[in-house]
Amino acid sequence: MDDKTINNLRRELKIHAHALDIPEGAAESFIDATLKSVQKSLSKKSIITKADLSRFVTKELKKYHADLAYVYNNCDTII
Amino acid sequence: MSVLVSVIILFLAMLIQAFMQLSPGIFALFYHYALGKKSRKKADDLSPYYVLGYELFIAAVFFILCIFIFTLDYYSFINFQYLSFALAGIFIAEAFVSLFFYYRKGKTTALFLSRKFASTIEHRAKNIKTKPDAFILGFLSSLPELIFTLPLYLAVIIALLDFTILPRSAVLIFFLLISLMPLFWIFGFYHTDHHFADLLRLRLKLKPVVKTVFFLCFLSLSAIIIFGALNYGR
């Protein structure tokens with residue numbers, strides 16, 4: 001995964017975290033942990049689809065904050 | 001049309017309007033991103049412009065339809081009995097459409113819209129920066145639902161034909177206020193320690209309820225319109 005994708009993902013997760021009133025420090029630490037873990041898991045794959053990425057991020061985020069994981073996974077399905 | 005029949009039509013139309021999901025969904029998404037990117041104060045500042053755009057669109061559609069229908073009525077250009085039967089047919093079709101095709105399948109509250117349109121609206125909702133942006137988003141938000149709401153507004157106006165100008169205006173203003181209720185409800189939801197995640201879960205939980213309400217209300221509306229047309233000529 002390239003840096004641009006990671007940065008976009010980090011920015012998006014921070015927006016959701018801020019909207020969900022998650023303290024900034026806590027949000028940053030578990031977003032970083034999630035992204036590191038996702039990068040590690042996906043580094044072995046040659047092709048990564050958007051759905052793969054979304055699934056891995058949701059799975060990792062769930063360990064830290066269920067609401068954030070839920071919002072990240074479902075925010076594009078409201079309309 | 002008797003007053004009772006008109007009142008039942010108005011009540012059912014208001015109920016359907018209050019359960020429409022597109023504009024509240026867009027509003028919820030817009031508010032969530034405004035909260036995430038800016039602050040609660042900024043989100044609160046932008047919200048009235050969304051509401052204004054949404055309300056102005058409905059008012060404009062009503063205004064155009066009122067002029068059209070009242071003119072046709074004044075010059076007796078139209079047989080309202082036939083129009084009522086046509087509307088009843090449309091409502092029967094909409095009852096089944098809302099039951100099977102209003103939402104997309106699966107554990108989602110995504111609506112059966114063109115995906116291109118939905119992603120354009122989503123993109124706009126996520127990137128609202130100024131008040132005019134919020135106003136335009138509100139204005140556009142009820143456009144795709146016209147397939148459901150346009151016949152509904154027509155039925156409301158026909159039900160109001162026998163009323164004098166004062167109750168007519170009062171009912172139309174009341175209808176416009178009722179259409180705002182879902183937006184106020186979402187605004188209140190965000191201000192009572194609830195988040196977007198709670199709202200998404202609640203919308204998913206209420207999905208069968210919304211479909212049932214639409215189905216029953218559209219069918220009842222159709223039945224009462226047929227009753228009115230057969231007994232009172234419109």
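**Exercise 1. Describe how helix α1(B) packs against α7(B), covering the handedness of the crossing, the geometry of the axes and the residues in contact.**

Solution. Begin with the handedness: where α1(B) passes α7(B), the crossing is left-handed, a term used if the near helix is turned anticlockwise from the far one by less than a right angle, clockwise being right-handed. The model is predicted, so that local features need pLDDT of at least 70 and side-chain atom pairs count only at pLDDT 80 or more, while totals for chains, interfaces and linings use all residues. Residues are numbered from 1 along each chain as its sequence is written, and chains are lettered from A and ligands numbered from 1 in the order in which they are written.

Next, take the axes, which are lines fitted to C-alpha atoms, for helices over the stretch in contact, with angles running from 0 to 180 degrees between N-to-C directions. The axes of α1(B) and helix α7 (residues 146-159) of chain B come within 9 Å and cross at roughly 155°. The two helices α1(B) and α7(B) are therefore roughly antiparallel, given that angles under 35 degrees count as roughly parallel, over 145 as roughly antiparallel, 65 to 115 as roughly perpendicular and the rest as oblique.

Finally, list the contacts, which require C-beta atoms, placed from the backbone, to lie within 7 Å. From α1(B), the residues B:Ser6, B:Ile9, B:Leu10, B:Ala13, B:Ile16 and B:Gln17 meet B:Thr149, B:Leu152, B:Ala155, B:Val156 and B:Ala159 of α7(B). The contact of α1(B) with α7(B) comprises eight nonpolar, three polar and no charged residues, where Ala, Val, Leu, Ile, Met, Phe, Trp, Tyr, Cys and Pro count as nonpolar, Asp, Glu, Lys and Arg as charged, and the others, Gly among them, as polar.

**Exercise 2. Work out how α1(B) and α9(B) are oriented and which residues join them.**

Solution. Helix α1 (residues 3-19) of chain B packs with helix α9 (residues 196-232) of chain B at an angle of about 155°, the axes being 9 Å apart. It follows that α1(B) and α9(B) are roughly antiparallel to each other, and their crossing is left-handed.

On the α1(B) side, the residues in contact are B:Val5, B:Ile8, B:Ile9, B:Leu12, B:Ala13, B:Leu15, B:Ile16 and B:Phe19; those they meet in α9(B) include B:Val210, B:Phe214, B:Phe218, B:Leu221, B:Ile225 and B:Tyr232. Sorted by class, the contact of α1(B) with α9(B) has 18 nonpolar, two polar and no charged residues.

**Exercise 3. Characterise the side of chain B that touches chain A.**

Solution. Count the residues first: 22 residues of chain B are in contact with 14 residues of chain A. The elements giving two or more residues to this side of chain B are α2 (22-37), α5 (115-126) and α9 of chain B, and α2(B) supplies the largest share, 10 residues. By class, the side of chain B that touches chain A holds 14 nonpolar, six polar and two charged residues. For the complex, the predictor gives an ipTM of 0.92 and a pTM of 0.92.

**Exercise 4. Summarise the secondary structure and dimensions of chain A and chain B.**

Solution. Helices (H or I, at least four residues) and strands (E, at least two) are DSSP runs, numbered from the N terminus. Chain A has four helices and zero strands, whereas chain B has nine helices and zero strands. The C-alpha atoms of chain A fill a box of roughly 35 × 30 × 20 Å along the principal axes, and the C-alpha trace of chain B spans about 55 × 35 × 30 Å along its own.

As for confidence, pLDDT is the predictor's confidence in each residue, from 0 to 100. Its mean is 89 in chain A, where 99% of residues reach 70 or more, and 92 in chain B, where 99% of residues reach 70 or more.

How values were computed: Two residues are in contact if their C-beta atoms, placed from the backbone, lie within 7 Å.
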